[in-house]
Amino acid sequence: MAKFTFIDDINKLLSDDKWLISQDRYDKKLNQRYETNFTLANGYMGLRGSFEEGSNDECPGNFIAGIFDKSEAQVRELVNVQNWVGIKVYVNGKNLNLDKCEILDFIRILDMKHGILFRGITLKDDSGMITRIEGYRFLSKYNVHRAAIKLFITPVNYNGAIAVESIIDGSVLNSKENPAYKTKHLRIVENTNFVNGGCYLETATRDDDTRIGTGFYVKVYRSDDGNNIVKHKRFTPLGEICSEYYEFDVTENKTFEVDKFVSTYTSRDISKENIKSEVEKDVYNFASEGIDKELLKHIEIYEKLWNVADIKIEGDDEADKALRFNIFHLMSSVSESDYRVSIAAKALHGEGYKGHVFWDTEIFMLPFFIYVYPNAAKTLLMYRYNLLDAARQNAIRNGYKGAQYPWESADTGNEETPKWGVDYKGNLVRIWTGDIEYHITADIAFAVFEYYRATDDIDFMLKYGIEIILETARFWASRCQYNDILDRYEINDVIGPDEFHEHVNNNSYTNYLARWNIQKAIEFVAILKKEYPSIYEMVSSKICLTEDELKDWEDIIPKIYIPFDKGRKILEQFEGYFKRKDYVIDKFDENNMPLWPDGVDVTKLNDTQLVKQADVVMLMLLLGEEFDEETKKINYEYYQKRTMHKSSLGPSMYAIMGLKVGDYKNAYYSFLRSANVDLVDNQGNTKEGLHAASAGGTWQVAVFGFGGLYIDKEGVLNINPWLPEKWQKLSYQIYWKGNLLQINIAKDSVDVKILEGDVKKIKVKIRGKDVEVN
């Protein structure tokens, strides 16, 4: 590991190296990338990995799931709420500043096994005084309102006076580095101290008066005897900043400790008038119990999560750790208990995409939760059900029937896509995705069915899921336009997943999933009529579904147009795509990312066959049973040469399809490209937040790709794996219809066991052969 040697209190907490992501040198140019990668989240709150003492080129962020505001922004956005992480250290009155002191040694470590961020640094100030600071922080998974920081500080070569200042900063902004979009979402409600010590800062969002209350209590004591050493303490309400200052004397080479206990509640949790008292009570209870007790409970929850979620790759340490990194951030970002929130495209890790929820959740992240954390998967789908009425209103506003889900969603379910953005050259351009990127409506219906197919949760379907599928099908039926000359139904003027091409007609991905959505709705109507007639009567009455309307749906299905070149067996991405100027990608950068072909005008990508991500290839993965192997291979090879991967969503899909069609070498490279997207920042924008969809896609490559897991037409679980040359073994666990399965894959064997569940035997297919698993 790195050269920094931690004290015993930290060493005993650190996990094995396979669980650790390290930064072994300070570089302010990389501050924001590491802030994202070192974000700690517990589903309720996400805290970016900025330094307690602050540093240059930092972009701190503290985000609470569900706290949105518009103010002067284009649309509602996830609010960067008051930042409580600040702890400044002063030696003889001088602030220890990372960018002004000489850094003698440095390390930060994210412990993924336990959800702890460790740090160690030795600083030499301009007076020659050397101070060693070690410590850790965590956001509790046990009590999600709690967080803590512990620092061990040692005056290496001096005696003297030290002071510590603990801060809650309410002066935070969104888009602080972009003057065109910079926004202040919070006003200060109260800046005060608690009666028995500690501070409290309460803010409110400007539009809705949503309250956020944060408080802390600090202990400063000698490590050797635990006695308080503070001889002077001062609270100062500095406008939007809440500060408590502590002075004490120190002895050379004698370590002292600083414990910061933090609690946060909002008016989403309890009534406004009770927030302060609840925070105060929780802070004092936390301080009296101590950090160790809460940390132990926090660690126990992570241990339970990893007991199911961990995937072991033997023989490839890079892939093993990178995959674990993606899984860690996925499972840290979800709230199992709050049906009002989902996971944003950048999770709780940054301001990118304004904290909005896209199709990323349902198509890329949800499979992980379906098979590893099914209760959380249900919660994510309930977010969509709870906003179904908003989707209905969205459809009405746009002149359609049923439910049209917004391309970008926040807390209200209204369309939150900004109208304006910039292109690859920084030019101001109109953003059309919120107006015409319709496929998300079918993506959500697809996710509902995938959850049901894996869990058999018929109760969810009867109460919520079928209603979503019916209302989204109704939207598609109204969105289809009949072309009486060609006797077909068309879906014109759309954007597919490939956002290089706007205002196109009959995008294959969109039309195919629209057809699937309507067909699936009719299938569920048949099930309800036969097996649950009273439920069908209730649902059909609730949404005013008539037999005449169902007959119209049946007429539409076979006539929805899908552009397909029968001679070449290539699904045309959209009608007229093959007539666009063709470029083939043949150059790649050091991260194996495609470079623009010579002669391409990046402001006119709509005129080319270059695509942003894997429209057709992804369609053939989602609905794999509808395409033969030859067609999959031909389309994979065609579109792979034209996909620029300007979205992090594409590599994982190409990896899975590559494995299915035999392109094993490129599949492995695509997997690493997806797994390392944030670790090496191969998209160049990790500073804006986690690529959460890529994290979900990386898990899918491991399980659906190399692990070979899929469900066939008969609903039977299949395992048809392939391991890269240096992988000796792949092991993973999944929930299948309420049963936890352990799957161990070696080069020449596949072993499946039932670890828990109600059944004694399960039928699966391993490499095409029926097997009964005990």
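Which residue just after helix 3 takes a positive phi? In this predicted model, where local features need pLDDT of at least 70, side-chain atom pairs count only at pLDDT 80 or more, and totals for chains, interfaces and linings use all residues, the residue is Gly290, with a phi of about 95°. Residues are numbered from 1 along each chain as its sequence is written, and side-chain values use heavy atoms, with hydrogens and water left out.

Helix 3 comprises residues 275–289; helices (H or I, at least four residues) and strands (E, at least two) are DSSP runs numbered from the N terminus. The end C-alpha atoms of helix 3 are 21 Å apart, in agreement with the 21 Å that its 15 residues should span at 1.5 Å a residue, the expected span being 1.5 Å times one less than the number of residues. Ile275, Val279, Asp282, Val283, Tyr284, Phe286 and Ala287 are the buried residues of helix 3 (buried, under 20% relative accessible area; exposed, over 50%; partly exposed in between; 1.4 Å probe, protein chains only). These buried residues pack against strand 11 (146–155), strand 14 (199–205), strand 15 (211–222), strand 18 (256–266) and helix 4 (291–309), contact meaning heavy atoms within 4.5 Å.

The axes of helix 6 (residues 360–372) and helix 10 (residues 440–455) come within 10 Å and cross at roughly 15°, so helix 6 is roughly parallel to helix 10. Axes are lines fitted to C-alpha atoms, for helices over the stretch in contact, with angles from 0 to 180 degrees between N-to-C directions; angles under 35 degrees count as roughly parallel, over 145 as roughly antiparallel, 65 to 115 as roughly perpendicular and the rest as oblique. In this contact, Glu362, Ile363, Leu366, Ile370 and Tyr371 of helix 6 meet residues of helix 10 including Asp443, Phe446 and Glu450. The contact residues divide into 9 nonpolar, no polar and 3 charged (Ala, Val, Leu, Ile, Met, Phe, Trp, Tyr, Cys and Pro count as nonpolar, Asp, Glu, Lys and Arg as charged, and the others, Gly among them, as polar).

Helix 10 also packs with helix 11 (residues 458–479), at an angle of about 155° and with the axes 9 Å apart; helix 10 is therefore roughly antiparallel to helix 11. The residues of this contact divide into 13 nonpolar, 3 polar and no charged.

Ala377 lies in helix 7 (residues 374–386) and counts as buried, at 0% relative accessibility. Not counting residues up to four places away in sequence, Ala377 touches Leu366, Phe369, Ile370 and Tyr451.
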